[in-house]
Amino acid sequence: MSGLRNAHVGDPPSHGGMGPAVGSRWLLARDEFPSLLDALRRAGYRIVGPTVRDGAIVYGSIRSVADLPEGWTDRQSAGAYRLERRPDRALFGYNVGPHSWKKYLFPPREHLFTLRRTDAAKFEVSVPEDPDPPMAYLGVRACEIAALNIQDRVFVGGAAVDPGYARRKARRLVVAVQCGQAGGTCFCVSMGTGPAVRDGFDLSLTELLDEGRHEFLVEIGTADGARVLDGVPLRPAEPSDVRAGEARVADAARAMGRAMDTEGIHDLLLGNLESPVWDDVGRRCLACTNCTLACPTCFCHSTEEVPDLSAERDERWRRWDSCFNLAFSELHTGSVRSTTPARYRQWLTHKLATWFDQFGSSGCVGCGRCITWCPVGIDLTAEVRAIRAAAPRPGPGAGGTA
Amino acid sequence: MNGPVRPITSAELEAHAFLHGLSARFLAELLPHTERREFAAGHTVAREGDPAREFFLIEVGKVALEIVAEGRPHLTVLTLGPGEVFGWSWLVPPHLWRVDARTLKPSRVVVVAGPALRDALEAHPEDGYRFLRRLVPILARRLDATRLQVFDVYRP
Amino acid sequence: MSTAPEIAGPVAPVPSHGGPLEPAPFTVRARAQETRDTVSLVLAPAPGSEVPAFRPGQFNMLSVPGRGEVAISISGDPGRAGEWVHTVRALGLATQALAGSMPGTLIAARGPYGQGWPVDRAWGKDVVIVAGGVGLAPVRPLLLELLRHRARFGRLEVIYGARTPDDLLYAPELAAWRGRTDARFQVTVDAAGRDWYGDVGLVTQRLPDARFDPASAVAFLCGPEIMMRLTAETLEGRGLPREGIWVSLERTMQCGVGLCGHCQFGPYLLCRDGPVLPYRDVARLLRIRGL
């Protein structure tokens, strides 16, 4: 947290100019929190953030502070998620839920374009009216920023740039929230993605809640973030406030519910593609696709053509798909990954190993969603441990033929 | 033109890839039971169900192994060329051909009488072992190939 | 300060087109029935439009609009500009629609995509090409490219395997190729009737007498995985190092540009990193079932 030690605690926010300096830190009183929402809206953003729905904290439209999960927390373990009341009135006193921000950047269903036949030898391509207003994501955790970066690399970081994703990315404002607690299935420390939010945000909030105090430490991440704060009543943060924020994050780091040894994980998994563990986990896995839907980085999708009856128009739609679906690997001769062990292996090796080959990083951020939302409680950290334990030890004659 | 031609010499017999390296004594015993034959294209060399009394080594030409069944078209399952061998039913009771063998081109073959070959293999176990060491891989490769053909690797 | 654009509006220009998945209109200029279920289509662009150049082994995404999009390798001559040629076997809805397209039919096409055959690795070497079934289609541009530069490499051995004589593609051209004296084309089928005077048996059975210098040869393989694996193993048995062998692999492709995840094969996105890959890099993966 060296950045925090260099905290700029000088001038108050200016009004009308560029706003407070990038890197500077301020305090926002809980009672003034609505002014932040007002400022975001004034700046033209639709605010999306955490809200309680159907017994879980999910992401949806935030119209007022009342939409936030005030005083709620979640208890998570493998295959289990339960909302509980907190003893305090924290706005962000929970961990991550079943949703992730990918639903805004990479919608579950998206109309890509329409082909319209203009004459016998031609068609025109039209793109749907831009339905995406600028959005402020309120309450983005460190692991989720890492997930945004990972999906950014997939959709706009390669030779082929996805135009819809690029458009939505250009219009997103990330209001991060530092984790003050860890969930029962969290392992961001193992993945090097958290719990401290270090970069990739426009604004970052740390909820300071002790001894009757309820304030937010606000760090300015970008000029966009600074501009948004126009008119928000902030006062300079003191070094003691910064230390209090650091302490909250340090508490979360110590309370990780899970850990994963990532040492040599790429070669470990690719060297054990025929480990007996795949059959074992494959017997438990229902191939229900929950993990891929809850995962903030899973990007696999299918494209469909939707013709109208006249055959003059043909809409191209994209929808989320999953490597756990039998049809996902369908060739005309049948599915390549016809068994559940093969499909689980595909998911796990992609997430933790071949993602490096394809996109230059791990595909896992340690958020624990796949563990919590697995109906049979499969825990990838345990599966990796099992693969490591079952791996043949290098000995005479080993190597090359794993 | 179908029929025997210039007799084969022991040197020629020994030079054939399949028989190369077998003992001179063994080959000498075979020589009197060996002859060269030439066939026109389209000649049926062997018929499925007939007694199998001969072992064939192809010197020149092309031979098709066919399955023939009433009411269905002939089906060629393998073609063989120079250096290849066919016909081992003389070794396997009840000593009946299991395919038709038919030339696709004018062909010249070396024919060894099966019963004599059987006797020689029995009498000279070391040569017999070498002979089988050459024959078995051929049988195995053809079995492998047949499996893939049954698998219908290019099927739509 | 009441509107978004000054504050959060995009800094970078925002694409307003359909992106990398947007196809261009083509029409079927000519159609040739290759076999009972396979046709070759010559696709011409809309008047005034260009056809992007391609390298042998690359593929395009094609659809009869509304009938589904499918990845089809380019089987035309890379030296012929202004058209795309595709050989399509009618298997599913999308390919049935394509294969049934008569001249004049509107086709949505985009591409070319993928890494093709490393043609320049052939220069100065003997070349062995083994193709099976419709695997001859992506090999045809390679053959045409090689034959155009015949003086730049050594011997050329081509072995083509098919189901039956009725399943052979490019029959007239095949006859012309077989007549060449500067290359040897062997054709073998799995089963044949009495009207077939060619070879019957697996492609691997034609390999023992293929003429090439294992120390200085390259091999390009395209066909069902099991056929390529057996062929590669047989070639290695003849002393051709793994480093000299390339294979063209197949997995479902939907986007063609590395975004949708369908065509993963271990570390590879075949649409982006393949479909042609060095056998050295995939030999082990090809032996893993259900990858």
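This is a predicted model: local features need pLDDT of at least 70, side-chain atom pairs count only at pLDDT 80 or more; totals for chains, interfaces and linings use all residues.
Residues are numbered from 1 along each chain as its sequence is written, chains are lettered from A and ligands numbered from 1 in the order in which they are written, and side-chain values use heavy atoms, with hydrogens and water left out. Local features need pLDDT of at least 70 and side-chain atom pairs count only at pLDDT 80 or more, while totals for chains, interfaces and linings use all residues.

**View 1. Chain A meets chain C.** Here 58 residues of chain A are in contact with 57 residues of chain C; contact means heavy atoms within 4.5 Å. The area buried between the two chains is about 4700 Å², with carbon and sulfur atoms giving 59% of it (buried area is the accessible area, 1.4 Å probe, that two parts lose on being put together, summed over both). Look for A:Phe123, A:Pro163 and A:Gln358, which supply 12% of the area that chain A buries against chain C, more than any other three residues.

The count of salt bridges between chain A and chain C is 1, and C:Glu69 and A:Arg316 meet in a salt bridge at 3.4 Å, N to O. The term stands for a side-chain nitrogen of Lys or Arg within 4 Å of a carboxyl oxygen of Asp or Glu. Helix H12 (residues 340-359) of chain A gives the most to the side of chain A that touches chain C, with 8 residues. Helices (H or I, at least four residues) and strands (E, at least two) are DSSP runs, numbered from the N terminus.

**View 2. A:Thr349 within helix H12 of chain A.** This threonine, A:Thr349, is buried, with a relative accessible area of 5%; buried means under 20%, exposed over 50% and partly exposed in between (1.4 Å probe, protein chains only). A polar atom of its side chain lies 3.3 Å from the backbone oxygen of A:Gln346. Leaving aside neighbours within four places in sequence, A:Thr349 is in contact with A:Leu269, A:Leu273, A:Trp278, A:Thr354 and A:Trp355.

**View 3. Chain C meets chain B.** At this interface, 27 residues of chain C are in contact with 20 residues of chain B. The buried area is about 2100 Å², and carbon and sulfur atoms give 56% of it. The rule finds 3 salt bridges across the interface of chain C and chain B. B:Glu66 forms a salt bridge with C:Arg194, whose closest N and O atoms are 3.0 Å apart. Strand E8 (156-162), strand E10 (199-200) and helix H5 (225-237) of chain C each supply at least two residues of the side that touches chain B, and H5(C) gives the most, with 3 residues.

**View 4. C:Gly201 in the loop between E10 and strand E11 (217-222) of chain C.** At 2% relative accessibility, C:Gly201 counts as buried. Its C-alpha atom is separated by 6.0 Å from that of C:Thr188, 13 residues apart along the chain. Beyond neighbours within four places in sequence, C:Gly201 is in contact with B:Leu78, B:Gln149, C:Thr188, C:Val189 and C:Asp190.

**View 5. Helices H3 and H4 of chain B pack together.** H3 (residues 114-123) and H4 (residues 125-151) of chain B pack at an angle of about 120°, with their axes 5 Å apart. Axes are lines fitted to C-alpha atoms, for helices over the stretch in contact, and angles run from 0 to 180 degrees between N-to-C directions. The contact is made by B:Leu117, B:Leu121, B:Glu122 and B:Ala123 of H3(B) and by B:Pro125, B:Asp127, B:Gly128 and B:Phe131 of H4(B).

Technical notes: A polar contact is a pair of N or O atoms within 3.5 Å; within protein, one must be able to donate a hydrogen and the other to accept it, and residues adjacent in sequence count only if both atoms are side-chain atoms.
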